[in-house]
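I am opening my notebook on a new structure.

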Amino acid sequence: MNAVLRHRRHPLALVVLLLGGLLVAGMAYAAVVPTRAQASEATGEDQIALGEQLFLANCSTCHGTDGAGGYENANGRVAGPSLIGVGAASVDFQVGTGRMPAQASGPQIQKRDPQFSLEETRAMAAYVATEFGPGPGIPDEEYLDPANGDVAEGNELFRVNCAMCHNFAGSGGALTRGKYAPSLMGVEPVHVYEAMVTGPQSMPVFSDDTLTPQQKNDIITFLDYVENTPSAGGLSLGSLGPVGDGLFIWVVGITGLIACAVWLGAKSS
Amino acid sequence: MSDVHDNDNDDTARPVSTVRDSGTDAPGTTRTGTDLQTRRAPVPDRFEDPGLPPHRPRMADTDVAAAKRAERQVAFLFFLSIVGTVLTIVGYFAVPLRDETDAGRVLLSNILLGTGIFLTLFGIGTGAVHWAKTLMPDHEEIDERHQIEGGPQEQAEAVGILSNGIEDSGIGRRPLIRNTLVGALALAPLPAVVLLKDTGPNPEGVLAETLWQADTRLVTDPTGTLIRAEEIPIGGVVHVQPEGIEESSHFLDEKAKAAVLLIRLEPDEVAPEALAGSFAGIVAYSKICTHMGCPVALYEQTTHHLLCPCHQSTFDVLQNCKVIFGPSDRPLPQLPIDVDGDGYLVATDGFAEPVGPSYWEREQDLRRMTEES
Amino acid sequence: MSATTAPAPRSAPQSTAAKLGGFADSRLGLSGVVRANARKIFPDHWSFMLGEITLYSFVICLITGVFLTFFYVPSVALIEYSGSYEPLQGKLVSEALASTIFMSFEVRGGLLMRQIHHWAALVFVAATIVHMARVFFTGAFRRPRELNWVIGAILALLAIVEGFAGYSLPDDLLSGTGLRIAAAIILAIPLIGTYIHFFAFGGEFPGEAFIPRLYTIHVLLLPAIFLALIAAHLFLVVLHKHTQYPGPGRTNNNVVGYPLLPTYIAKAGGFFFIVFGVIALIAAFVQINPVWAYGPYDPSPVTAGSQPDWYMGWLDGAVRVMPGWLEVNVFGYVLSGNILLAAVVMPGLLTTLLIAYPWIERLATGDSREHHLLDRPRNAPTRTGIGVMALTFYCLMWANGGNDIIAIQLNLAINDITRFIGVAMFVAPPLAFLITKRICLGLQRRDRERVLHGVETGQVYRLDNGEVLERHAPMSDYDRWTLVQHDNYVPLEPGPATDANGVKRKGALLGNVQRRLSRFYFEDRVEPVTPTDLAAAHSHGAHDAIEGHDDPAAVEGSTGREVGSGQA
């Protein structure tokens, strides 16, 4: 009997038991359920084969098995543009930024967490480039390094070619009918380059002739500067311009000053 | 609006209350300047003003310890101000700026100096206010107001003084002086207006002239390189200015009229009216918005719409840049282009109409340009 | 005072203060000033501080502005940038922009002064509007203060112009785009627009003359006008004495408050430091107008989210909502109705109504007496409704000015926002008027209730027959006075058409307008409680005989047959 009393349950025993059970179940599940096939460093034909496999599984429903798009789905609507000639850059951009495979409909496709790993993305890109006709390729590494570009040139080019949609600091801007140019903060250099060269959705196309690779590199350097340099004056309020300032001064400034005035006029205790 | 005026639904008969008499008008006078009069019903019963409410003392008034505490608080706030002053001065010398290119350093200096100045000022301000609130006497005092308008005697005296003075000047009896004086004074400001004439030249149709003429080559903005047609991809956009614009004496003025946008469409997408001035699906339109002159630079590749960011005028490139939304009224003028012997894009003519915002004489300028071409 | 006197023999040495005082008095006549003004009474309410926020932020702009003028170069001549901001290295920028960036990055405290200056300017205009609203809703613009109201309205307009001129000085991309729009407004003026444009800009846009001229306007001309108008504005406040809220002991003929020395010198003086301090704190931590990031002005590029500073947002929104077909051809000339209506006619009309309002209301009330007691806004329902209506319209236009920012933040379409506001600008203001007026009348009825039936105490008791009633405590005389002291206007009635001698009275047409206006203002009203009402409410009528109900507050009863209960 004393043994029984001695080993009476601690109030937290139930909690510990539940947590332990969950842990065991989770580990068992992870051990048993097959994980996604981790593609090893696939190159060449292996890569294209993997890419084909992924393409047929994830993309052909909307873009067609022949990539010609215009595919009539169950509702009779045409879904998915043609991928003929879009090139590896397009695929790398769209899939790499999570925009593809597209989910919800709306004025435009939104950026999300990427659904595929970098290897898988490159595999699909290689497949599309080989199978559906040549187009802009994955850009050279040397043009993606912010250290290789001129920030002043990039600033000027950005201001003339990009700021009208993406805003002077790359914070994004409105287009018509609910479309928008997204913020460029946190976008990897490779995706910046690929967007310029492929012109996704509403964005116009800036081929390597209209904006040379070096010029694109300059723009990448400029964006890197904006992203990694603190705002010298303090909080930038999203770099949205006077609207943000006006909102701030009313919500914080005037309210604060009126609060001071109320304190001033109140009778002391 | 047929609500009865007496909204309290009680059935006590009461004369309608009228405006409280402050004693400045004789009863029954018409004060409105029209034929309307206020109703002067007998003043009904009203509550009496109970006078100032009893004074409620503050803690610092009755409790010596509380007063001492308030005093210490005020002193602390003033001391905080001194701390702020020291912080500002220290921060100023501790964070030099001239040799640095670092935005982070500027930010640090800004925060240090700003916080220091904040403490300096806020400390004095809150200290003074807290002192007034807690320690300075807070018995309400009363001042009497005096009517702004002078009493009848004062007004009569003033009128008398004025009329004596005016009579002394003799202006009433000497209309010749009066009339010439009025004439002279009325005309005297005119030179001031006339002197402003040389602040700028006359317009003289300048608004309708741009640097674009036949055989002016297109170059990229801002880098100034010539453009080949095959360099522009379908769905691509190039910002363009006329070759040689940097040499012009007022190059920003010229750019404000000459900025052009090149767009490459599929050849069958070009509007019929624009076909003659296009080349292989490449069309060139003035970038200066016909509403208020902002650059219409946002090109939506999928819809082929051009959006102006200032007031959202939207132009449809497939319809020769006709306005499809927003406050603008006129389409963007097209710049007719072709390819020259070396394969570079070149204008075949200037614009057929004045570019940019409207102005009063625009129709005249347009007619002149049409006749000249 | 005799002209020559031998110096009076002094019996004891004077203190320093007395010597100083004597020095000043014999040269400035200070003792008279001190006697009249040092203990002047000012009424105490936080809403009287709003004008001070405006005044102090103006002074802050003056002080910081002087610092800025030591570094800013008012020239748009192009130079190669060689300062410390890397992304502009070697690029052509104007001297104005280069000097502004230099002041921000290479002068210690320069960025802080710039930011304090700009934040203070935003506060200046915001506080002007809040102050103007307070004056409007409390009826402080009535005689004798109509002229001060006009001066204030002019100050508000000039503040907007001054701010626009100020932020256009650095010649950056954003403010240059704003100047482009200003140029287009000038061009749109019929007949003389192009001439005025060429005179103002010294030729075409952008030209080289406009920014240096704006500098003169911003630093010399407008501040001088401001100082003169503000001096007049404050002088009138002192002459008329400040208004006060109604309350026990406060009449139309007195001022109840605290003396200038020491209380208001401490409070108002301290408040200057508080305002300055708060703005400095904001400037220390929140960036504004980063002109280096906008880049130099060029007519070809533009940034998404091109807006003017907030106080011009309503004009921007009005321009955005206009349809294009308002631009018409008039006998071979172009009349840009879309621009003129939004940027000239509408603000001109609203400003005129604003300035004329004291006389409009005077026409409706027929009241030309001096008013020094403020109205509680609920006691002037039509005026309050009109004010809310105007603010609703203003806010709708203001929102439309930022429709692209609203669109990306809230995932909406700019086209939808514009169309919505295009409709709402006609529907919402009258709706706001009706709702506000009804709320005011409702609040007045509630005041009547509280006076007649007392304040709810939360104590409940139960009758023998099981009913549960709440005890109400009668209001104190002091609390009650504030709720019953106001006077209601009644709609003006026409006098007899002819006077005693059969001569027709003048002003019949104006009288018609006046009568209609007066009815619009005062037809719906709730009368303040009188002692008779209160006595009637306290009488129990049929219930006088009920046992144990001596408490007059217990009249709040269940039968609803009380005489004079006043329940709507």
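**A proline in a helix**

I started with C:P262, which lies in helix α10 of chain C. I noted that this is a predicted model. A cis peptide bond joins C:L261 and C:P262, with omega about 5°. I reminded myself of the background: most residues other than glycine have a negative phi, and most peptide bonds are trans.

I then noted a cis bond between C:R143 and C:P144, and its omega is also about 5°. Where is C:P144 found? I located C:P144 in the loop between α5 (110–137) and α6 (146–168) of chain C.

C:L191 is not a glycine, yet its phi is positive, about 70°. I placed C:L191 in the loop between α7 (173–188) and α8 (193–201) of chain C.

**Chain C against chain B**

I asked how many residues each chain brings to this contact. Chain C gives 155 residues and chain B gives 121 residues. For the area, I kept one general point in mind: the size of an interface is often given as the accessible area lost when the parts come together. Here chain C and chain B bury about 12,200 Å² between them. Carbon and sulfur atoms account for 60% of that area. On the side of chain C, the residues that lose the most area to chain B are C:R108, C:E204 and C:R369. Together they make up 7% of what that side buries.

I turned to charges and polar atoms. I found six salt bridges across the interface of chain C and chain B. C:D298 and B:K255 form a salt bridge through their side chains, 2.8 Å from N to O. I also noted 38 residue pairs in polar contact between chain C and chain B, both residues being at pLDDT 80 or more.

Which helix gives the largest share of the side of chain C that touches chain B? It is helix α10 (residues 260–285) of chain C, with 16 residues. By class, I listed 69 nonpolar, 48 polar and 38 charged residues on the side of chain C that touches chain B.

I also found strands pairing between the two chains. Strand β2 (residues 141–144) of chain B pairs with strand β4 (residues 254–259) of chain C. The sense is antiparallel, over four bridges. I picked out one partner: B:D143 is bridged to C:V255 in β4(C).

**Chain A against chain B**

I repeated the look-up for chain A. Here 35 residues of chain A are in contact with 39 residues of chain B. The buried area is about 2,900 Å², and carbon and sulfur atoms give 63% of it. In chain A, A:M164, A:W263 and A:K267 lose the most area to chain B, together 19% of what that side buries.

B:D138 forms a salt bridge with A:K267, with the closest N and O atoms 2.5 Å apart. The interface of chain A and chain B has two salt bridges. I noted 12 residue pairs in polar contact there, both at pLDDT 80 or more. The largest share of the side of chain A that touches chain B comes from α7(A), with four residues. I sorted that side into 16 nonpolar, 14 polar and five charged residues.

**Chain A to chain C**

I searched the whole structure and found 37 salt bridges over all chains. One I wrote down joins the side chains of A:E153 and C:K91, 2.8 Å from N to O. This pair crosses between chains, from helix α7 of chain A to the loop between β2 (78–80) and β3 (92–94) of chain C.

**A disulfide and a hairpin**

How many disulfides does the structure hold over all chains? I found one. It joins B:C294 to B:C310, with 2.1 Å from S to S. The link is left-handed, with -90° about the S-S bond. B:C294 lies in the loop between β6 (282–286) and β7 (298–300) of chain B, and B:C310 in the loop between β8 (305–307) and β9 (314–316), so the pair ties together parts that are 16 residues apart in sequence.

My last entry is a hairpin. β7(C) and β8(C) form it with five residues between them. In the turn, C:G466 has a positive phi of about 100°. The two strands pair in the antiparallel sense over five bridges, and C:V460 stands opposite C:E470 in β8(C).

Terms used:
Residues numbered from 1 in each chain as written. Chains lettered and ligands numbered in written order. Heavy atoms only, no water. Contact = heavy atoms within 4.5 Å. Buried area = accessible area lost by both parts, 1.4 Å probe. Salt bridge = Lys/Arg side-chain N within 4 Å of Asp/Glu carboxyl O. Polar contact = N/O pair within 3.5 Å; in protein donor to acceptor, adjacent residues only side chain to side chain. Nonpolar A, V, L, I, M, F, W, Y, C, P; charged D, E, K, R; others polar. Pairing = 2+ DSSP bridges. Disulfide = S-S within 2.5 Å.
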